[in-house]
Number of protein chains: 4
Amino acid sequence: MLRLPAVVVNFKLYPQASGTKAVMLARMLDSVARETGASVAIAVNPLDFHQISEAVDIPVYLQHVDAVDFGAHTGRINVELAAEHGVSGILVNHSERRLTISDIEHIVSHARDVGVDTIVCTNNPAVSAAVAAIEPTMIAMEPPELIGGDISVSKARPEAITETINRVKRIADIPVLVGAGVKNGEDVRKAIQLGASGVLVASGITKAHDPVNALKDLVAGMM
Amino acid sequence: MLRLPAVVVNFKLYPQASGTKAVMLARMLDSVARETGASVAIAVNPLDFHQISEAVDIPVYLQHVDAVDFGAHTGRINVELAAEHGVSGILVNHSERRLTISDIEHIVSHARDVGVDTIVCTNNPAVSAAVAAIEPTMIAMEPPELIGGDISVSKARPEAITETINRVKRIADIPVLVGAGVKNGEDVRKAIQLGASGVLVASGITKAHDPVNALKDLVAGMM
Amino acid sequence: MLRLPAVVVNFKLYPQASGTKAVMLARMLDSVARETGASVAIAVNPLDFHQISEAVDIPVYLQHVDAVDFGAHTGRINVELAAEHGVSGILVNHSERRLTISDIEHIVSHARDVGVDTIVCTNNPAVSAAVAAIEPTMIAMEPPELIGGDISVSKARPEAITETINRVKRIADIPVLVGAGVKNGEDVRKAIQLGASGVLVASGITKAHDPVNALKDLVAGMM
Amino acid sequence: MLRLPAVVVNFKLYPQASGTKAVMLARMLDSVARETGASVAIAVNPLDFHQISEAVDIPVYLQHVDAVDFGAHTGRINVELAAEHGVSGILVNHSERRLTISDIEHIVSHARDVGVDTIVCTNNPAVSAAVAAIEPTMIAMEPPELIGGDISVSKARPEAITETINRVKRIADIPVLVGAGVKNGEDVRKAIQLGASGVLVASGITKAHDPVNALKDLVAGMM
């Protein structure tokens with residue numbers, strides 16, 4: 001399982017974080033992890049996965065898998081195939097790729113069987129509590145209205161972080177990451193003080209002028 | 001709130017339970033409820049709702065609403081509009097109309113605000129536990145492989161009923177209906193003995209040669 | 001079939017055009033149609049359909065149906081049920097309710113069989129040409145980036161209107177409505193001069209301070 | 001562009017055609033293409049793409065891409081990224097992965113811009129005509145009720161093949177492949193006699209006891 005606290009960087013399909021540039025960015029983030037000793041993971045698309053996973057030592061997640069078994073499923077991949085490829089974990093139910101609750105449960109339970117981590121994204125404390133009952137490896141709570149924005153969840157919605165952690169703990173002992181608008185070490189420090197086990201970040205790193213220093217700043221917030 | 005134990009009849013889009021025939025069927029089921037004193041509700045499509053709700057006294061649910069607020073949403077209805085039309089409740093997340101967990105939470109919390117019941121459908125104990133954290137009015141657990149089939153959940157999967165009820169109760173005190181393959185009073189009696197608060201039934205009534213006697217048999221299982 | 005040229009008003013799920021207010025708005029638009037002799041139709045949600053269709057003489061369309069036959073389809077309605085309820089037509093594939101090409105073809109061919117009009121929405125000339133091959137009653141081309149905005153398709157994209165009509169005519173003789181940002185009679189006049197058979201409008205009427213005068217202005221552009 | 005006539009083998013997510021086994025199967029099919037001189041292409045999932053494309057000379061397609069540009073699209077890949085990875089073509093709108101007509105048009109036009117082939121799947125002659133207006137590289141018509149079955153489209157629905165080709169040709173000069181239930185050289189020969197430019201096949205090869213001989217038999221039907 002991912003060492004906590006951790007910074008998980010979602011590459012999305014950003015031009016700065018796809019194809020050849022994704023491999024270069026992954027290498028940069030890998031070097032920061034090695035240098036600082038911080039726990040850093042990345043979530044990439046399946047076409048880029050192979051080359052990235054060969055280039056870095058940090059855990060590489062997929063951004064999505066489908067809730068299907070092997071069979072007649074054109075255009076789908078599943079967690080068993082991801083495991084065969086050596087994927088460390090799966091980002092599940094991101095706000096840009098929402099799933100049904102049955103599909104989340106299918107993916108989480110199959111991932112558990114094949115030893116792959118799951119980070120299930122949620123949008124508020126109530127949904128986080130629901131997901132806790134399914135027992136993924138981690139939960140990442142991101143208020144949708146703050147995703148991609150300039151103000152971080154730590155500053156804008158500290159009470160949502162606290163309430164999420166409290167409601168989740170009542171149901172199962174599952175680490176909670178938070179995300180949305182996370183940009184600097186101060187945002188991370190605040191999140192961790194509120195009880196979070198790390199952050200999920202995307203544009204704050206992938207679109208940063210200097211991703212290496214942006215990540216160094218973030219991980220400093222975990223120390 | 002729906003009086004429990006209850007039989008909830010999902011009309012789906014069965015030819016025997018749509019349009020003019022839906023109004024006739026609703027009247028038949030209404031007469032059984034009146035005659036037996038049993039708690040019976042029906043779930044209908046939105047085009048048929050108005051004429052059915054004027055024809056019967058039993059609670060009339062919609063089979064689905066969308067998780068949207070009023071606004072630019074062509075081809076959608078929401079729970080606030082359903083409430084204005086006097087809908088008693090909403091069937092949410094049926095296996096033929098699965099929703100994301102965020103949308104389920106949106107519908108359930110908005111329905112609570114406007115005083116409309118929600119029955120959230122689930123497919124197994126783990127998903128039922130997740131949904132319990134969202135606190136709908138009721139949960140209806142239906143193993144998908146048994147829906148529309150000849151053997152009832154009570155007979156084929158009694159342990160799934162027991163486990164669902166146990167896992168739900170640990171999270172919140174929410175009544176659990178069960179469904180899939182329910183055909184007769186014996187199926188209902190068994191379900192209630194296992195701790196269920198009623199059944200969700202579709203083809204067992206809508207496609208019955210004699211729906212009045214089929215429903216009488218079912219409700220006898222609740223007495 | 002809808003008399004052309006026509007103004008088709010999409011009520012969406014706007015608060016000003018849902019529930020009791022939808023019935024009032026429909027009556028207002030109906031009176032304008034009667035007074036001016038213009039061809040006006042409205043597209044409403046299925047819960048409001050019954051009361052609106054009893055209140056007005058203008059054609060009432062649904063904003064969406066599903067591409068299913070009668071059967072085990074919880075939370076769906078189809079065109080056959082719509083026909084039984086006396087629906088004049090169906091808005092298909094609106095940008096807020098996109099469908100697969102197979103589903104569009106299913107709905108259009110079934111609607112033809114039961115004598116219900118179809119207006120299939122498209123987003124550009126190429127997609128309009130594709131839809132023409134399926135032979136709906138009408139096509140409504142709306143550049144998505146202009147929907148709900150302040151500048152009309154007639155002014156912002158006249159060449160898209162001309163190209164759409166040309167490409168559609170090469171495949172089949174199907175009337176083309178245009179929409180997006182349509183606000184006044186001048187927008188309508190321009191569209192008709194470019195060869196359109198009318199307009200599809202939503203917020204320009206539903207959110208107008210005075211819908212009666214807003215519609216009078218629009219239909220004046222058709223005279 | 002793919003040399004025609006061709007056999008396109010869809011690996012789907014069959015256990016015999018995923019992961020390490022997919023690389024082995026691709027090598028076998030590659031050897032048949034080399035030995036017979038026949039035009040053979042394969043469609044694979046994005047996780048397996050990299051290793052397969054390094055192992056074979058035949059064209060390797062993806063089974064699906066999303067209709068998005070680069071940006072904040074977690075869990076999506078697009079045709080531009082596919083092109084950067086050296087993908088030969090994209091299977092679009094397979095019956096197990098249907099798309100909206102706007103998305104099909106988006107993918108086809110972007111693929112054209114980056115020099116990647118598209119095979120758009122359709123379910124009948126009318127939908128094939130619609131897709132022809134969008135001008136993909138090829139169309140693959142597969143009656144859904146025959147997919148994965150024991151009787152081939154060539155035998156069960158020869159008139160659907162003829163009508164599809166006729167309706168497509170009236171709109172644009174686009175090669176038509178056919179698929180569903182294709183199992184042997186006779187099925188291929190019949191399809192080509194009816195005017196098809198090849199076949200799309202899946203279980204007939206991937207689940208064959210001896211895929212090499214199964215493919216040899218198929219390509220013999222093209223000679």
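In the predicted model, Asn10 of chain D lies opposite Ala43(D), a residue of strand β2(D). The two strands concerned, β1 (residues 6-10) and β2 (residues 39-44) of chain D, are joined by five bridges and run in the parallel sense. Against the sheet, helix α2 (residues 46-55) of chain D is packed in contact with β2 and β3 (60-62) of that chain, and the direction of the helix forms an angle of about 170° with that of β3(D). Helix α7 (residues 158-171) of chain D likewise packs on the sheet, where β6 (138-141) and β7 (176-179) of chain D are touched; here the angle between the directions of the helix and β7(D) is about 155°.

The sheet as a whole is a closed barrel of eight strands in chain D, with parallel pairing and the order β1-β2-β3-β4-β5-β6-β7-β8. On average, and with direction ignored, its neighbouring strands are turned by 25° against each other.

Chains B and C were compared by superposition. Chain C is brought onto chain B by a rotation of 180° with 0.0 Å of shift along the axis, at an RMSD of 0.0 Å. This is therefore the relation of a two-fold axis. Both copies use the same surface, as 100% of the contact residues of chain C recur in chain B.

To this contact, chain C and chain B contribute 34 residues each. On the side of chain C that touches chain B, the elements giving two or more residues are α2 (46-55) and α3 (79-84) of chain C. The most is given by α2(C), with five residues. Classified by residue type, this side of chain C comprises 13 nonpolar, 16 polar and five charged residues.

Technical notes. Residues numbered from 1 in each chain as written. Chains lettered and ligands numbered in written order. Predicted model: local features only at pLDDT ≥ 70, side-chain atom pairs only at ≥ 80, totals over all residues. Pairing = 2+ DSSP bridges. Helix = DSSP H or I, 4+ residues; strand = E, 2+ residues; numbered from the N terminus. Axes fitted to C-alpha atoms, helices over the stretch in contact; angles between N-to-C directions. Contact = placed C-beta atoms within 7 Å. Least-squares fit on C-alpha atoms with pLDDT ≥ 70 in both. Nonpolar A, V, L, I, M, F, W, Y, C, P; charged D, E, K, R; others polar.
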